[in-house]
Amino acid sequence: MNPIRLGLIGDNIAASRAPDLHHAAARLCGIDVIYERLVPRDLGLAFDNVFARARRDGFLGLNITHPYKERVVHFVTVEDPNVKVIGACNTVLFGEPSIGFNTDYTGYIAAFRGQFGNKLPGAVAMAGCGGAGKAVAFALADLGAKSLTLFDTDTQKSGAVAAALKQQHARMPVFVAPSLKDACEGADGLVNCTPRGMIGYGGNAFAGISLRGRQWICDVVYTPLETTFLKEGAAAGLEFLNGYELFLFQGIHAFRLFTGKEIDVGKLRQALANMPQAL
């Protein structure tokens, strides 16, 4: 039987552990998977061409990461009404038609509950309203956030996410802030959904923002695992959700979509811990 061929399309993904996750998951359930990193710039191709070539070359499916999660929606059929409103996909299963999913959305819910149990998010300030930010915003609404205040340097993005949230979650107050400092006023939780802090980007989206009085923080970046933002939060004694947990659960959900196989979270976590990391 030929191995299942999967891949990840994105920029700055040399340190991504997605191949490790899917290879480890495949070994746990006794199947053969080849998982490839596909960087459009390195291949000398546009995203559209990389996507089309993967489908033509017999890939079963793809994961999609920054900055292509919104762009890929134009090439797939989205059946889930929540994902339609989110307008971003991070997982594609090729077929007739090819179907787009968002396991960032489902994965964030699983990661939050795994870390915080039944705790409610409270009032949340979120930086970044791109593909990952959209999914996390809807997940926070489903988790029972008291309110959500959004900031993005592209005000069209934050405005669009706010409008979509108000349509689907009319009872949750949603605000668009003119600055990140304004967004953080009175927030219980701070969430970074920008690439700031990631290898290749660096920095801290919440630099200069006081952590005093916060209850929890989250960074969706997981390369590196300990971002400057999370280090500062830990030093301030805050509970935190790191990007690795989102990575883990979104990956488990994607693997299930690709293969139909259920993976034991504990066994996969251990298998990944035992693998060398290219960080």
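Student: Leaving aside its neighbours within four places in sequence, which residues is L148 in contact with?
Tutor: L148 is in contact with V124, M126, A137, L140, L165, M172, P173, V174 and F175. Contact means heavy atoms within 4.5 Å. Note that this is a predicted model, where local features need pLDDT of at least 70, side-chain atom pairs count only at pLDDT 80 or more, and totals for chains, interfaces and linings use all residues. Residues are numbered from 1 along each chain as its sequence is written, and side-chain values use heavy atoms, with hydrogens and water left out.

Student: Is L148 buried or exposed?
Tutor: L148 has 0% relative accessibility, so it counts as buried. Buried means under 20% relative accessible area, exposed means over 50%, and partly exposed is in between, with a 1.4 Å probe and protein chains only.

Student: Which strand does L148 lie in?
Tutor: L148 lies in strand 7. Strands (E, at least two residues) and helices (H or I, at least four) are DSSP runs, numbered from the N terminus.

Student: What does strand 7 pair with over 3 bridges?
Tutor: Strand 7, residues 147-151, pairs with strand 8 in the parallel sense. Two strands pair if DSSP finds at least two bridges between them. In strand 8, V174 stands opposite L148.

Student: What is the strand order in the open sheet of 6 strands?
Tutor: The order is 8-7-6-9-10-11, with parallel pairing. Strand 8 (174-176) and strand 11 (239-241) stand at the edges with a single partner strand each, so one side of each is left without a neighbour in the sheet. From one strand to the next, the twist averages 15°.

Student: Which strands does helix 5 lie across?
Tutor: Helix 5, residues 103-116, lies across strand 9, strand 10 and strand 11, and runs at about 150° to strand 11. Axes are lines fitted to C-alpha atoms, for helices over the stretch in contact, and angles run from 0 to 180 degrees between N-to-C directions.

Student: New topic. How many residues of strand 1 are buried?
Tutor: In strand 1 (residues 4-9), 5 of its 6 residues are buried. Strand 1 pairs with strand 2 (residues 33-38) in the parallel sense over 6 bridges, and the bridge partner of I4 in strand 2 is V33. The chain goes from strand 1 through helix 1 (residues 18-28) to strand 2, and this β-α-β crossover is right-handed. That word applies if, with the strands pointing away from the viewer, the path from the first strand over the helix to the second runs clockwise.

Student: And how many bridges join strand 1 to strand 3?
Tutor: There are 4 bridges, and these two strands run parallel. L8 has N63 of strand 3 as its bridge partner.

Student: How many aromatic pairs are there?
Tutor: Rings of Phe, Tyr and Trp (its six-membered ring) pair if their centres lie within 6.5 Å; planes under 30 degrees apart count as stacked, over 60 as edge-to-face and the rest as tilted. By this rule the count is 12 aromatic pairs. One of them is F47 with Y68, with ring centres 4.8 Å apart and planes at 15°, so this pair is stacked. F47 is in helix 3 (residues 47-56) and Y68 in the loop between strand 3 (61-64) and helix 4 (81-86), 21 residues apart.

Student: Which aromatic cluster holds F47 and Y68?
Tutor: F47, F51, Y68, F75 and F94 form one aromatic cluster.
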